[in-house]
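Have the sequence and the 3D view open as you read.

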Amino acid sequence: MSVTPSARAIESDWRALERLSPLSVYQSFDWIDCWIDAATGPQRIRPAIVSLRHDDRVVAILPLGVERVGPVRIARFLGGEHANIRMGLLDPAFAAFLTPETTAEILRCVAEALGGVDLLDLDAQPVRWAGAVNPLAAHPEARPAKCDVGMMQLGPDFAAVLAAHRGAKKAKKRRWQANTLAPVGGSVLRRAASRDEALAILETYFEQKAAWFREQGITDSFAEPGVADFFRALVERRWDGGETSLIELDALEFDGGIRAILGSGTASGRLSGYFMSVSNDDWRRVSPGELMLYEVISASCARGLTSLDLGRGDERYKASWLEEIERHVRVIVPVTLAGHAVSGLMRATDRIESTIRDNPKLWQLAKKIRRWRGHADQSAREAD
């Protein structure tokens, strides 16, 4: 077992493992390398890429980072909240021999190899991936994550996919949207075809999403140190000869402006949505986000993709398409006495949040309080 702060130090092994093992775009070499370059420094995270070898061949990679949270040092998968799917890269033959007991022993060795950590916090791990059990998610300390991921299966025939997802209702709304937008020339879904076009769409996204975060009273996660630069780095890498599926920017345009944006990446035949925004104007009445998803899903079927997800969260526009729930778990492994104390607080917080989310009335109340606090903070800032 070895630990390195640089993904590039094991790039050839990483890419070889990618070819052996189906993975999400969040575990691809380019995605992680861009995150390390753009975000770990500003966020004061120490990259710690753990690799396991067998017969002089890398059979597992855990892309971790160590960060200080209060008095404790916590090791987590790199990518933070912007990695909606988090797991290690495992050789399928190696993974097949792992048991919950051997997985627990591996993580004990990982903590020892990292040195100076109080806690391993491996959140947002799918229980199963590509039809197989995710060994790390079978760890004895695994508990349900706060949010699962909704996903859908695709096929070459969009009409058949549509029919399986209340197609008549969606087609009727699509016709209404087309008729409503006809006087302004209809709508068009534009996929960025160049670096400059992608960066321009990305900046528009940041503006649209910042306005939405303010309205909802939510902290803007894209304003965190290094995050915007990370997504710009994905665009730069994608147009500098990197994987073309690393990031795509889709923009729905009508009446002279961009009304909805989707950023996504693709790996192993699966499109994963990074982010989505809708312009805050009178055109929201035609549900531009839903219209964009209709067109993106149709295009994904034509591209031969086999599945699609839009990240974590239970927003209505997701539920209308993503009827298959991909269960995720959080594995918290305390290493020191301080880690044991903090792990108890983390699990208690998770239980409280899950209770609120699972109760529609409590969840609506929590969102109202959040919006009220956000508006109050915004008013205070404006007064200053």
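Two strands count as paired if DSSP finds at least two bridges between them. With that in hand, Val 149 stands opposite Glu 326 in strand β16. Please keep in mind that this is a predicted model.

**Strand β10 and its partners**
- On β16 (residues 324-326), β10 pairs in the antiparallel sense over 3 bridges.
- Within that pairing, Gly 150 has Ile 325 as its bridge partner.
- With β15 (residues 307-312), β10 also pairs in the antiparallel sense, here over 4 bridges.
- Met 151 finds its bridge partner in β15 at Asp 309.

**The sheet as a whole**
- As background, the strands of a sheet pair through backbone hydrogen bonds, either parallel or antiparallel.
- An open sheet of 7 strands runs in the order β11-β12-β13-β14-β15-β10-β16, with mixed pairing.
- Its edge strands are β11 (188-191) and β16, each of which pairs on one side only.
- On average, neighbouring strands of this sheet are turned by 30° against each other, direction ignored.

**Cysteines**
- Counting pairs of cysteine sulfur atoms within 2.5 Å gives 0 disulfides.
- Cys 301 is buried, with a relative accessible area of 2%.
- Cys 109 is partly exposed, with a relative accessible area of 26%.

Key:
Residues numbered from 1 in each chain as written. Predicted model: local features only at pLDDT ≥ 70, side-chain atom pairs only at ≥ 80, totals over all residues. Heavy atoms only, no water. Buried < 20%, exposed > 50% of the residue type's maximum accessible area, 1.4 Å probe, protein only. Helix = DSSP H or I, 4+ residues; strand = E, 2+ residues; numbered from the N terminus. Axes fitted to C-alpha atoms, helices over the stretch in contact; angles between N-to-C directions.
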